[in-house]
Amino acid sequence: MSGMGITTAASVETFRAAAGPLVDVRTPQEFRQGHWPGAINIPLFTDEQRHDVGLTYKQQGRHAAIQLGLALCGPRLADLSETLTQTAGGEAQPLRLYCWRGGMRSNSMAWLAGLRDHPVSLLEGGYKRYRQWVLQSFESPWPLMVLGGRTGTGKTDLLLELESLNVAVVDLEGLAHHRGSSFGNLGLPEQPSTEHYENRLAEILEEHARRRASEIWLEAESSQVGRCRIPRALFQQMQMAPVLEIRRSDQERVDRLVDVYAVHDATALREATERIQRRLGPQRTREALLAIDQQRWSDACMAMLAYYDSCYDRELERKPALRTIDLEGVDPKGAAKLLVEEGIVRAMVCS
């Protein structure tokens with residue numbers, strides 16, 4: 001082997017288009033907080049080691065910190081080298097690396113990768129620069145279209161069916177692992193941090209921009225989906241976007257809510273109901289809790305729908321829907337096909 005892998009520094013745009021797996025060399029904790037979606041974490045230091053190196057830098061200076069870093073990662077160099085090569089798919093295959101600021105950690109890993117002839121692209125400015133790009137992306141004007149409708153009308157199911165028909169869609173709830181209500185986390189994975197939620201949103205918007213989507217559909221939401229906050233600039237655009245309101249019968253709505261929530265543990269359903277008891281009021285809360293205890297799922301849903309409907313109606317008063325469509329009796333797949341065929345929703349042109 002020559003040990004002469006070439007390393008180049010790249011902007012966010014160039015780095016995105018470069019060849020090779022995307023590798024985040026920061027600590028596991030940094031990675032969990034937020035990372036470039038699709039990245040693989042191969043940390044140079046553990047969380048504790050990074051803390052110790054940083055403390056040494058503050059107390060003793062740069063050279064002492066470097067010496068400690070070498071002592072800590074030295075015994076792991078062979079394993080790190082092998083992991084990089086396996087991730088690349090073999091000797092001399094390209095890699096893309098980044099750390100927090102595009103500094104010593106990513107450059108050290110690039111040097112190590114170069115020993116096995118891997119061409120390496122380094123993200124100039126590191127993850128910090130990527131985060132700047134993410135936040136700036138929400139300031140750009142987006143051709144947003146909002147799908148509205150009362151609780152239980154199946155907005156998310158419809159969006160996913162539209163996506164299968166090549167419509168540009170952003171599933172705000174899917175990305176947040178939350179359905180947007182007190183019951184929204186039941187049966188779903190742990191939510192990402194707001195930081196990583198923003199990263200995922202930005203990447204999907206970027207993909208739609210590359211495909212030149214003329215409209216991007218998302219569901220009407222409050223500014224927060226569980227613990228994930230929709231970026232302010234994007235939320236402001238959502239508030240100004242045209243709204244298509246879908247309508248279904250109350251029975252259809254109740255049936256759907258029963259299908260989604262009745263499978264969950266009654267204790268979890270009680271806890272979710274109790275979290276909103278101040279807003280439900282004492283009578284509705286008692287009715288809902290009793291219905292849950294007796295497994296009368298439809299009655300439990302009906303006890304809470306009035307509250308959720310009043311919230312939606314108040315929101316609609318501030319921004320009336322520009323168009324409504326009654327989808328009673330039409331399943332999500334048929335509804336998506338209907339909306340596209342009638343030109344209410346436009347699919348992207350395949351290139």
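Guide: Start with one word: a residue is buried under 20% relative accessible area, exposed over 50%, and partly exposed in between (1.4 Å probe, protein chains only). The model is predicted, so local features need pLDDT of at least 70 and side-chain atom pairs 80 or more, while totals for chains, interfaces and linings use all residues. Numbering runs from 1 along each chain as its sequence is written, and side-chain values use heavy atoms, without hydrogens or water.

Now the rings. The whole structure holds 6 aromatic pairs (Phe, Tyr or six-membered Trp rings with centres within 6.5 Å; stacked under 30 degrees between planes, edge-to-face over 60, tilted otherwise). Take F15 and W36. Their ring centres are 5.5 Å apart, and their planes meet at 55°, so this pair is tilted. It joins distant parts of the chain. F15 is in helix α1, residues 12-17. W36 is in the loop between α2 (28-33) and β3. The two are 21 residues apart. (Helices are DSSP runs of H or I, at least four residues; strands are runs of E, at least two; numbering starts at the N terminus.)

Check the surface next. F15 has a relative accessible area of 0%, so it is buried. W36 stands at 3%, so it counts as buried too.

Move on to Y130 and W133. This pair is stacked, with 5.7 Å from centre to centre and 25° between the planes. Both residues sit in helix α7, residues 126-137. They are 3 residues apart there, so about one helical turn separates them. Y130 and W133 are both buried.

Now step back. Ring pairs tie F15, W36, Y98, W100, Y127, Y130 and W133 into a cluster.

D24 is buried, because its relative accessible area is 0%. Its place is strand β2, residues 22-24.

That strand belongs to an open sheet. Five strands line up as β1-β5-β4-β2-β3, paired in parallel (strands pair if DSSP finds at least two bridges). The edges are β1 (7-10) and β3 (40-41), each pairing on one side only. Zoom in on β2 and β3. Their parallel pairing has 2 bridges. Across from V23 stands I40 of β3.
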